[in-house]
Amino acid sequence: MARTKPIHVPNMDPSDMPSLDPAIYASMGEEGVFRMLSEVYCRLEASSIRGMFGEDMQEASQRSAAFYVQLLGGPQMYNERYGNPMMRRRHFPFEIDEASRVVWRDCFYAALENAENDYGFPPEHLPAFKAFLERFSKWMVNTA
Ligand code: HEM
């Protein structure tokens with residue numbers, strides 16, 4: 001989908017993100033992280049922002065999972081496979097406004113409801129991860 005509105009820059013400092021403990025990856029492993037993202041993308045597939053994504057949601061989920069592997073303390077899987085993340089820039093083709101951000105965030109939060117059982121996510125680190133998602137998703141907003 002081609003962009004029709006100008007790029008909007010959120011009024012925030014992107015360097016000020018909650019830090020994530022590598023104990024998260026140590027507990028989940030690659031398999032747990034990929035399963036978590038697969039679940040997030042199932043929810044996105046059923047959401048009102050489905051149309052933003054390409055046809056194959058599970059393929060998209062695997063690119064995202066590689067990013068979360070490195071974010072949560074695993075090897076630099078995203079950088080090795082796809083290069084420098086430059087996440088904001090990679091999202092420029094998609095018109096992400098505050099309403100679509102909330103849909104995206106709520107799909108992720110819903111996938112985290114039983115995160116300890118489902119993916120081995122250490123529960124003591126869940127609040128920081130949710131705070132990270134909240135803040136990073138605000139930084140991905142690129143449309144007023
Ligand atoms: C704010 C709401 C967000 C929306 C609506 C959104 C939407 C999208 C879309 C449409 C794609 C392309 C998927 C495809 O290939 O079909 C994508 C890719 C991706 N997103 Fe987001 N995103 C959001 C926030 C985030 C956040 C906060 C992160 C990370 C913390 C993130 C990480 C990624 C990654 C790693 C990819 C894969 C990039 C690649 O193709 O290599 N996104 N996102």
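In this predicted model, the side chain of tyrosine 78 places an N or O atom 2.5 Å from an oxygen atom of the ligand. The side chain of arginine 63 likewise has an N or O atom 2.5 Å from an oxygen atom of the ligand. The ligand also carries an iron atom, whose single donor from the protein is His91, through NE2 at 2.0 Å.

**Ligand surroundings**

- The ligand has 21 residues around it, and those that come nearest are Gly54, Arg63, Tyr68, Tyr78 and His91.
- Histidine 91, which supplies NE2 to the iron atom, also has a polar side-chain atom 2.8 Å from a nitrogen atom of the ligand.
- In terms of secondary structure, histidine 91 belongs to helix α4, which covers residues 87-91.

**Packing of helices α1 and α2**

- Helix α1, spanning residues 23-45, and helix α2, spanning residues 57-71, have axes that come within 8 Å of each other and cross at roughly 145 degrees, and the crossing in which α1 passes α2 is right-handed.
- On the α1 side, the residues that meet α2 are Tyr25, Val33, Phe34, Leu37, Ser38, Tyr41, Cys42, Leu44 and Glu45.
- On the α2 side, the residues met by α1 are Met57, Gln58, Ala60, Ser61, Gln62, Ser64, Ala65, Ala66, Tyr68 and Val69.
- Sorted by class, the contact of α1 with α2 comprises 13 nonpolar, five polar and one charged residues.

**Link between the two regions**

Terms used:
Residues are numbered from 1 along each chain as its sequence is written. This is a predicted model: local features need pLDDT of at least 70, side-chain atom pairs count only at pLDDT 80 or more; totals for chains, interfaces and linings use all residues. Side-chain values use heavy atoms; hydrogens and water are left out. Axes are lines fitted to C-alpha atoms, for helices over the stretch in contact, and angles run from 0 to 180 degrees between N-to-C directions. Helices (H or I, at least four residues) and strands (E, at least two) are DSSP runs, numbered from the N terminus. A crossing is left-handed if the near helix is turned anticlockwise from the far one by less than a right angle, and right-handed if clockwise. Contact means heavy atoms within 4.5 Å. Ala, Val, Leu, Ile, Met, Phe, Trp, Tyr, Cys and Pro count as nonpolar, Asp, Glu, Lys and Arg as charged, and the others, Gly among them, as polar. A residue is near a molecule or strand if one of its heavy atoms lies within 4 Å of it. A polar contact is a pair of N or O atoms within 3.5 Å; within protein, one must be able to donate a hydrogen and the other to accept it, and residues adjacent in sequence count only if both atoms are side-chain atoms. Donors are N, O and S atoms within 2.8 Å of the metal (3.2 Å for Na, K and Ca); water is not among the atoms, so sites may look incomplete.
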